[in-house]
Amino acid sequence: MEDEAEIYDGVRAQFPLTFGKQSKAQTSLEAIHQTTRRASSTTNLPEEPSSNKTADLPSLSSSSKTWLNSLRNPKASNFNVASEDGDRAVVGPPRPSATSSIADEDGGGAAIIGPPRPPSGSGSDDNEDVMVGPPRPPVDLGLSDDDGEMIGPPRPPAGSKLSDSDSEDGIDDEEENRYRIPLTNEIVLKGHTKVVSALAIDHSGSRVLSGSYDYSVRMYDFQGMNSRLQSFRQLEPSEGHQVRNLSWSPTSDRFLCVTGSAQAKIYDRDGLTLGEFVKGDMYIRDLKNTKGHISGLTCGEWHPKTKETILTSSEDGSLRIWDANDFNSQKQVIKPKLARPGRVPVTTCTWDREGKCIAGGIGDGSIQIWNLKPGWGSRPDIYIEKGHSDDISGLKFSSDGKILLSRSFDGSLKVWDLRQMREPLKMFEDLPNHYAQTNIAFSPDEQLFITGTSIERESTTGGLLCFFDRAKLELVSKVGISPTCSVVQCAWHPKLNQIFATAGDKSQGGTHILYDPTLSERGALVCVARAPRKKSVDDFEINPVIHNPHALPLFRDQPSRKRQREKILKDPIKSHKPELPMTGPGFGGRVGVSKGSLLTQYLLKQGGMIKETWMEEDPREAILKYADAAAKDPKYIAPAYAQTQPETVFAKSDSEDEEK
């Protein structure tokens, strides 16, 4: 036995320690996505009546519903027994055992149908009962000799209990399949302490930037992020200034950061500062003669095609085009057309898809559009004087250049036809907006456009994401993002097919990502499925304490801060201890409080010159009591002019005449 044990130990030593151990079961993707599934119903189509749905599912796409049904317990069965006679067909469980799927041809009147997809030849029996059961039976099995009705489309037959709800589910599925809105799952990128006001996703969909009113920008990388959803870098572009907009370059190697200061910054892909645009001279009245903006920026966007061109707008009432390689001066200054002279802030700006057109929203509610052509200037090609009744927070061109969307503080979203700009095609109201960065975004196929709403004090709906049909110009759906936070920025990434919505209030902020495991790609699907790395024994490092009393001062242990603070508190000079007031006679250059705390007070009180009786005395009498002494013994002015000046004659008072 000892020899066998030694042989076993010798052989076992040749294998790694993990050999023969069972690996821990991996969590399936379905279970992971189940944890991020949205709990409540997300789509509420206005034209469909509400129904009592027996299935406790949100309105999902058909592919999502199939996936969800596959997660259910296959052992659960719902038998629909029609009668006790045994002459009816018994509907079996979704996945019955092989023995239960064989019908007794000799004696039994009840045929049990079990396999999900039975062969076409095995669907008939000796008796003429109707066979119901497989999820997708062939068409020839649905014919009954009794009534001639056809049973067996992919949906349950019309006589079943689920027919009404499933038919309406079918309508929902058709709508969702038509729009392909990824709404089933949701994750939140947290980290900000105030509302998230800026959002930018690079063109490949691997990196996300979020800027906030807490003055910081956070960078997220889907490829390097795990399920904790933590940012890999945090920036503070301009201390004390809100982040108002972020924009990636066309090549996604740099990004533009626009804050409440007058200077925009450019960072590289890893968050390192490349440069800051110059600030103009605020004492020059003509904005065209200044080198840069002189007031806080409101918006900025990179050119969609040219990686050297940037557009910014500011509260100083101008739009400027910059060269990304020259931070000392702008290329072009655009002064909007105003109804009356003055400085009206430009609240937002945007490029069209080709970068040949610029749109600006002005603080007076007007929308102005400039076409970039040879010899163009500040005069707008399209001018809508009263586009909105309040400040404009967002503008968006369609890719074909025919539609312009505008969002405003007046709680409306307007759809404009660029070929006929006199009146809007459609105006959607009751969309509250309290943030100057609230924008609009198109879906990848541009069948839909989306925008967020702000919460109101007396409202109970919370922050919503509203979906509108571009062709029908009607509201399709409202999706609740947060019950207590407003939705500001939104985006629908074409490659990921995921919807991003930023939300927040005065105390918190986050970026909500909506996706569907069956419709979306990469992005949130990558990081959600990646579990955080578990700490190993090798991760713990013990810093050895080396005691060396004769080491150089550089390597000596620093004294504890507590003792250092106590030592500083005892030193009256370092602790800035205030001087105690004097209680007796003065010493050391300080005067005691017995005769006054100041030297001047002490001397005046000693000389008897301070008599604080001016509150009770009449100022006229106080001056005239020295008149006789001044007349008898003049000291200063009268002796100097005694030889040359005449005698003073005063007018007599008329009081005696008035009394008579």
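**Notes on a predicted single-chain model**

1. Of its 660 residues, 39% count as buried. When contacts between residues at least 6 apart in sequence are considered, 49% of them join residues that are at least 24 apart.

2. By residue type, the lining of the second largest pocket divides into 22 nonpolar, 19 polar and eight charged residues.

3. Is Glu301 buried, exposed or partly exposed? Glu301 counts as partly exposed because its relative accessibility is 24%, a value that falls between the cut-offs of 20% for buried and 50% for exposed. Leaving aside neighbours within four places in sequence, Glu301 is in contact with Ser247, Leu256, Ile310, Leu311, Cys349, Thr350 and Trp351.

4. Arg207 is found in strand 5, which covers residues 207-212. Because its relative accessible area is 12%, Arg207 counts as buried. Which partners does the side chain of Arg207 reach through polar atoms? The side chain reaches the backbone oxygen of Arg269 at 2.8 Å, and a polar contact of 3.2 Å joins it to the side chain of Asp270.

5. In soluble globular proteins, nonpolar side chains tend to be buried together. The largest nonpolar core has 19 residues, and those with the most contacts inside it are Ile187, Val208, Phe222 and Phe500. Strand 3 (185-192), strand 4, strand 30 (509-515) and helix 5 (524-528) each supply at least two residues of this core, and helix 5 gives the most, with four residues. Apart from this core lies another, of 17 residues, among them Tyr179, Leu183, Leu448 and Phe467.

6. Ile187 touches Thr36, Leu229, Thr511, His512, Ile513, Tyr515, Ala524, Cys527 and Val528, when residues up to four places away in sequence are not counted. One of these, Leu229, lies in the loop between strand 6 (217-221) and strand 7 (233-235). Leu229 counts as buried because its relative accessibility is 12%.

7. Two backbone angles may be worth checking. Most residues other than glycine have a negative phi. Leu229, however, has a positive phi near 60°, and Glu446, which is not a glycine either, has a positive phi of about 60°. Glu446 lies in the loop between strand 24 and strand 25 (448-452), and with a relative accessible area of 13% it is buried.

8. Glu446 is also among the residues touched by Arg470, the others being Ser398, Asp400, Ile403, Phe442, Gln447 and Phe449, again without residues up to four places away in sequence. Arg470 is found in the loop between strand 26 (463-469) and strand 27, and a polar contact of 2.8 Å joins its side chain to that of Asp400. The C-alpha atoms of Arg470 and Val415, which are 55 residues apart along the chain, are separated by 9.0 Å.

9. Pro483 is found in the loop between strand 27 (474-482) and strand 28. Pro483 counts as exposed because its relative accessible area is 69%. The C-alpha atoms of Pro483 and Thr461, 22 residues apart along the chain, are separated by 6.6 Å.

Technical notes
Residues are numbered from 1 along each chain as its sequence is written. This is a predicted model: local features need pLDDT of at least 70, side-chain atom pairs count only at pLDDT 80 or more; totals for chains, interfaces and linings use all residues. Side-chain values use heavy atoms; hydrogens and water are left out. Ala, Val, Leu, Ile, Met, Phe, Trp, Tyr, Cys and Pro count as nonpolar, Asp, Glu, Lys and Arg as charged, and the others, Gly among them, as polar. Buried means under 20% relative accessible area, exposed over 50%, partly exposed in between (1.4 Å probe, protein chains only). A polar contact is a pair of N or O atoms within 3.5 Å; within protein, one must be able to donate a hydrogen and the other to accept it, and residues adjacent in sequence count only if both atoms are side-chain atoms. A nonpolar core is a set of buried Ala, Val, Leu, Ile, Met, Phe, Trp, Tyr and Cys residues joined through side-chain atoms within 4.5 Å. Contact means heavy atoms within 4.5 Å.
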